[in-house]
Amino acid sequence: MSRILGVLIVFFLSISAASSSAPNRSRSLLRTITGENANFPDAVVDLNGTNFESVLRNSPASYAIVEFFAHWCPACRNYKPQYEKVARLFNGPNAAHPGIVLMARVDCASKINTKLCGTFSVSHYPMLLWGHPSKFASGGWQPRKDKSDIVLIDNGRTADRLLNWINKQLGSSFNLDDQKYENERLQSNVTDPEQIARAIYDVEEATSTAFNIILESKMIKSETRGSLIRFLQLLVAHHPSKRCRKGSADILMNFDDLFPSDILSTNKQDSENDNGKALLNNFHICGTDVPRGYWIFCHGSRNDTRGFSCGLWVLLHSLSVRIDDRESQQAFTAVCDFIHNFFICEECRVHFYEMCSSLSRPFNKSRDFALWLWSAHNQVNERLIKEEASVGTGDPKFPKIMWPPKQLCASCSVSAGKKINMTGQTEWNEDEVFKFLVSYYGTTLANLYKDKSLLADGGNDSHTEVLSTSNAIVVPVGAALVIALASCAFAVLAWVWRLQQKNRKYSHRHSLKRAEEKLEV
């Protein structure tokens, strides 16, 4: 018996020793079988006949590469790891160089893609085409066409050769070993005023991220419900992104079902928030592909800098230059209450609400609200400059500054930005500052959407047009009519929403009355 027991002990000890080294052996074996990058998820975006146009048209990338392949093709299977290596540099939340090249693929062996592959004259597998995303979305490709916006890549059969081809096109020096936040292409926002156009994607990212935080943190309560409704109304009327306006309207019109007003007890509140979150999965405030997980204009040189806070500031500034004079105080209150109730950084929201509370009289002009927000942002920057300098947490490539710098607006400050007053602070020409804000966060920010034909029905979008004309000195009659209509949108939406709630309450009371009558009978 003791001999058998001894054998069993030796047996179990040998199993234990073997199991301790098994993970390393299994991982080594897995790498041998599937390649060294087996643990990475696919970075390439899969496209088909149903989503091809929308994904490419809405892409924030400056360029796109589309691989046309067939899943049964051995050469395509062998090429996939090479294509994925390059795609990981540009696609996804961990990309080293996001927002530059969208790398996608289409399986031509799938029947749903037969027409699409014919449109692009696919003659062999794998076949790579290069061009601007909007050009892919709006047309096809012909091999014998002399002048084409889409180019055949004829030298990209390995990851190194493909990346070299891309570097030649862009004049860049990307490397397959590049890591996130080591992007030599990052540019200072003070050097090129046109960069703000790409912030439209960061505004969408910030909007979606903000609402995800609100839901994850269960911040919608009976006392905060009204402030969220008012902010949603502001987004529906004046968000710079058409997709975010539509998504906000969808949520607002279904708000009573998502988050009923009779949330009283803590237990019921948690339950209702969970139900609302589950239902809200059917709604996408800025489109199904947002949040994307990365930033473009607001991309910092480190993981913990810029990003969400930058995107949120751009959103608030863009709202401030779109409102009508009659909406200025409503917009101010909506913004202040939203930050106070839903911005999760405690110290930040306390400081911001203190600035809101210091206002001595209500706004009567949209200009006053835009300048107040600009001044508040500079106050925040001034405070953070000192704090970040003392602890070394600032972004070295994007240091906090007084905005706007002279490179973007030489006429905004007296004597080209020199500190000349008695307090040592910059003296600003507020008329020039306001003109800059309207142009920078208004017209320029919307230009990218206009260029990509992302406006409603391929034509003019009333809210975007208001942005371009509402603060002009001379306004044409047609534009004035658009302004008048858009300025009513905020109030009309609130009226529609209140009417909807009133009808629901009436219906509820009516059903209760009928139930009581049945009980009496």
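Reader: What are the residue classes in the lining of the largest pocket?
Author: The lining divides into 27 nonpolar, 10 polar and nine charged residues. Nonpolar here is Ala, Val, Leu, Ile, Met, Phe, Trp, Tyr, Cys and Pro, charged is Asp, Glu, Lys and Arg, and the others, Gly among them, are polar. This is a predicted model, where local features need pLDDT of at least 70 and side-chain atom pairs 80 or more, while totals for chains, interfaces and linings use all residues. Residues are numbered from 1 along each chain, and side-chain values use heavy atoms, without hydrogens and water.

Reader: How much space lies in that largest pocket?
Author: About 1,200 Å³. The lining has 46 residues, and Ser309, Cys310, Trp313, Leu384 and Lys400 are the closest to the centre of this pocket. Two or more lining residues come from each of helix 7 (199-216), helix 12 (308-320), helix 13 (328-342), helix 14 (346-357), helix 15 (366-391) and helix 16 (430-451).

Reader: Which helix gives the most?
Author: Helix 12, with eight residues in the lining of the largest pocket.

Reader: What counts as a pocket?
Author: An open set of points on a 1 Å grid where a 1.4 Å probe fits, with protein on both sides within 12 Å along at least five of seven lines; lining residues have an atom within 4 Å of a point.

Reader: And the second largest pocket, what volume?
Author: About 560 Å³. It is lined by 27 residues, of which Val55, Arg243, Thr288, Asp289 and Arg292 are the closest to the centre. Helix 2 (52-57), strand 3 (101-107) and helix 9 (242-253) each give two or more residues to this lining, and helix 9 gives the most, with four. By class, there are 11 nonpolar, 11 polar and five charged residues.

Reader: Back to helix 12. At what angle does it pack with helix 7?
Author: About 110°, with the axes 8 Å apart. Helix 7 and helix 12 are therefore roughly perpendicular to each other (65 to 115 degrees).

Reader: Which residues make the contact?
Author: From helix 7, Ala199, Asp202, Val203, Ala206, Thr207, Thr209, Ala210 and Ile213; from helix 12, Phe308, Gly311, Leu312, Val314 and Leu315. Contact means heavy atoms within 4.5 Å. The contact residues of this pair divide into nine nonpolar, three polar and one charged.

Reader: Whole chain now. How many helices and strands?
Author: The chain has 19 helices and five strands (DSSP runs of at least four and at least two residues).

Reader: What share is buried?
Author: 45% of the 521 residues, buried being under 20% relative accessible area with a 1.4 Å probe. For contacts between residues at least 6 apart in sequence, 71% join residues at least 24 apart.

Key:
Grid points are joined across faces, edges and corners, and a volume is the space filled by probe spheres set on the points. Axes are lines fitted to C-alpha atoms, for helices over the stretch in contact, and angles run from 0 to 180 degrees between N-to-C directions. Angles under 35 degrees count as roughly parallel, over 145 as roughly antiparallel, 65 to 115 as roughly perpendicular and the rest as oblique. Buried means under 20% relative accessible area, exposed over 50%, partly exposed in between (1.4 Å probe, protein chains only).
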